[in-house]
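Hi,

Here is the structure I promised to pass on. My notes follow below it.

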Amino acid sequence: MLTIFSANGQNKQKTDSLLVIIKNSTSDSITARNYIKLGNQYRRATKPDSAMMYAKKALTYSLRFNDPETIGRNYLFMGAVEFYRWNIGDAMGYYQKVDSILMKHNIKNRDLYIAHSDRAELYRRSITSDSEKKEAYNNAMFYYKKALVVAQDLKDSIDIGKTYTRIGSVQSNLGNFEEAQKYFNKVENHYLKYVYLGNYYNDYGSLYLKMGDTINYIKYVKLAYDIKNKGRSNFVRALGQKEYANALFFSKKYDQSITMSKQSADFFASLDPPDYGRLSGIYKNLSDVYSKIGDYKNAYQYIILNEIVDDSIANRDRKDKAKELETKYQTEKKEQEIALLQAQNETVEAQKKNQRNLLLGGLGLTSIAGVFLFLGFRNRKKTNDKLRELDTMKSSFFENISHEFRTPLSLIAGPVEEQLQKPDIGTLEKKNLNIAKRNTQRLLTLVDQLLDLSKVEAGHFKLNVQQGDLSLFLKSLTSSFSYLAHENNQEYITTIDVPKNTYYFDADALEKIITNLISNALKYSPDGESITITSAIENQKLQFTIQNSGATLSEEALQTIFNRFARTDEQTAGTGIGLALSKELVALHKGSIDAQSTHNTTTFTITIPVTESAFSDSEKTTGVMEMSAFAKAETTTSKEKIIQEEVDIFSKDTNPILLIVDDNADLRTYVSSLFEDQYTIHTAQDGKEGYEIASSIVPDLIITDLMMPKDDGVTLTRNCKASETTSHIPIIMLTAKAGDENQLIGLETGADAYITKPFNTEILKTTTHNLLETRKKLQERFSQEVVLIPKDIAANSVDERFLDNLKEIVDTQIIESDFTTESFAKALGMSRMQLHRKLKALTGLSATEFIRSQRLKLAAQLLKKSDINVSQVGYAVGFNNHSYFTKCFKEHYGVSPSDYAKKA
């Protein structure tokens, strides 16, 4: 855990001093940090409730101060308190927040190390059955290794040694004794404090016990006990007694084992709340000892205590489960009550209708009533026919006028675009023409919405339902709005909880629905507010919810919000078409849409069926839909059921990405115009924003100014070249500061080229082209190498270190068939997109292509040098299907594996 809870009383003088500082403080930062210190005082005094109370007060000031390191430390402290209470779920949540906040701001400090290490410890200590043992230990291993990377980056020898000890212990528990021995041996190179040295000896002793060497087990646990017994902490001493009591049992010193166990049990039982996890082990040990000496009465009593403690642990989980079930029950109960009420209402309406029909039938016996009924029916029919005719005419009018609008809009857009392409166009003219272009596109979008709405109402809009990966579709669609939310300073949270199955849906209709709803949420939420998107499959239907804060709709507005041209008030921008179209498309998709608004929050929920049985044959299209945002998976001629390589969502060829960083908006626009035909352009107004964007999108090249507010070009270059994610990116520095001295500063920082203003555009274009061509030559060199040699394709030491790490991972994981780009990226501490962009720049291959290439190169080596059967080579290098391996090999080398082996 984060720190050791001592049984000693709190230092009242220190507590009083902290309260005085907080009372007189006018700084949110100082107040937050001192509340955390105050919480620590209560935590050390084993008063977790008081500790958490002060932690929450600290969090209030931390969020107001908005310093990510302070907020991260606050959540870390709260996680430690919940760890002590053994509230696993809450502790995990706080540690996850620490990870998210610090990684978002590229902060790597000891708090991040502790968060990873404590998450691993939670997994390691939360095992309650053999069935979940392997998964829990593997999860622990994953977070210990993340902690190890942080400790190594921070060059903290003690934390490195501690983590080696813990990884060795997990390997020991998994039965990997040789691996465990390797990690324990690594600890010898690192100095450990007395507490951690004690843990090292104890865990090393446990390894010997599992290997059947009780002599070394007792020896090392005794060393651990001697160290821990000298500590000032009652917690550490009690822990040492618990561990040594087990060793005394194996030494057949039963009386001493009983004494030690009881002393440690007294301490762990005195905590608030008691440490049930450790008490369970102690009571089990006492029962075993008493059973060994024939005292079955005490043996029985302690095994009962063991079961009671285990029940206390399990009961906490059962309470959480019970709450969940109670919530589901109450929801289902309310749904049943609503359904019953609806059925009752329908019954009453049916009775009324029957009574009315009987009455009309009676009146129909008279000729006068019959005449009136006939005339009324005829008039009603004429009215309905007239209304239908008017509705058809209205829809036809909107459809026709929408088509008519497209012609003049095209005639406006064409000349505007033509003028914008002229090389001699002035800046002001270009600015005005760009305004015209944007508004032309806006009009075109509105016309398309109006046309779609008319088609739906006229019955001309037909569903085109196909099988598709709904989860991938939703993630792609929702992620495209994240940048706009960031620009608006809005918190954008998406949770796509849709299983990886194929579902039936109309991608075009669903895209229009979701795009309208998210666009509205972003538009009407003020800066600083949040947009939360959740989706799940419930009862074979997609439930998609969008909630935005900072906006409230009145009851009157909610009644009319889905009407065509409806607006909440006169001041609200918009045409009122989008939501009307969304409602009609949802209804066409056999679904429903609902809007609710409470204080400061508005929520839209759509529910649509996504199963084949929900749609008629005329609405379905055979085959699986092709999703343009994603590359198609490899196909195979094999009839076997195989696991294909994962879909590579980044493999589609695109223009090179160029990031332009300058505090002058006109210059950003001008430089962008030079490259926009052949490059995808991103811009930033200072070095700080530029580095954040570069880390996020990983561009192919950066053009930056030297003098800028916040971070200048030198700082931007230094940051990019020091980060593994961005170290490979060529950087051109533009500046008005001429002179060899300034140029030398830029080049020494790592800039690849230095161009003074005013610059020749052809020189800038040629320099950009040449730098990218140099990268391509390195990529070509890689494609020709059989073995990955980092120093041959790395442009600097940071790239070489990255490739060394990459090579180590590839060498150990490439033969595993379940080694995917996701696990690849996770092992390197990157996102999939960052890994893709990094590999694309260094090797010319996407992550999926790189893995496949390495597997094929390894296969070629085996075919040349090994006597292994050709049919086994594919399986040996990570392919799980022989025919698919043969297909890939032939595409790469031009011959089949068998022919290649013969030639070799």
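A quick definition before the contacts: I call it a salt bridge when a side-chain nitrogen of Lys or Arg is within 4 Å of a carboxyl oxygen of Asp or Glu. This is a predicted model, so local features need pLDDT of at least 70 and side-chain atom pairs count only at pLDDT 80 or more, while totals for chains, interfaces and linings use all residues. Residues are numbered from 1 along each chain as its sequence is written, and side-chain values use heavy atoms, with hydrogens and water left out.

The salt-bridge rule gives a count of 19. One of them joins Lys620 to Glu612, at 3.7 Å from N to O. Lys620 is partly exposed at 22% relative accessible area (buried is under 20%, exposed over 50%, partly exposed in between, with a 1.4 Å probe and protein chains only). Glu612 is partly exposed too, at 40%.

Another puts Arg110 and Asp156 together at 4.0 Å. Arg110 sits in helix H6 and Asp156 in the loop between H7 and H8, so this pair ties together parts 46 residues apart in sequence. (Helices, H or I with at least four residues, and strands, E with at least two, are DSSP runs numbered from the N terminus.) Arg110 and Asp156 also belong to a salt-bridge network with Asp159 and Lys162.

Then have a look at strand E12, residues 731-735: five of its five residues are buried, so the strand is largely enclosed by the rest of the structure. Ile731, Met733 and Thr735 cover one side, with Ile732 and Leu734 on the other.

Cheers
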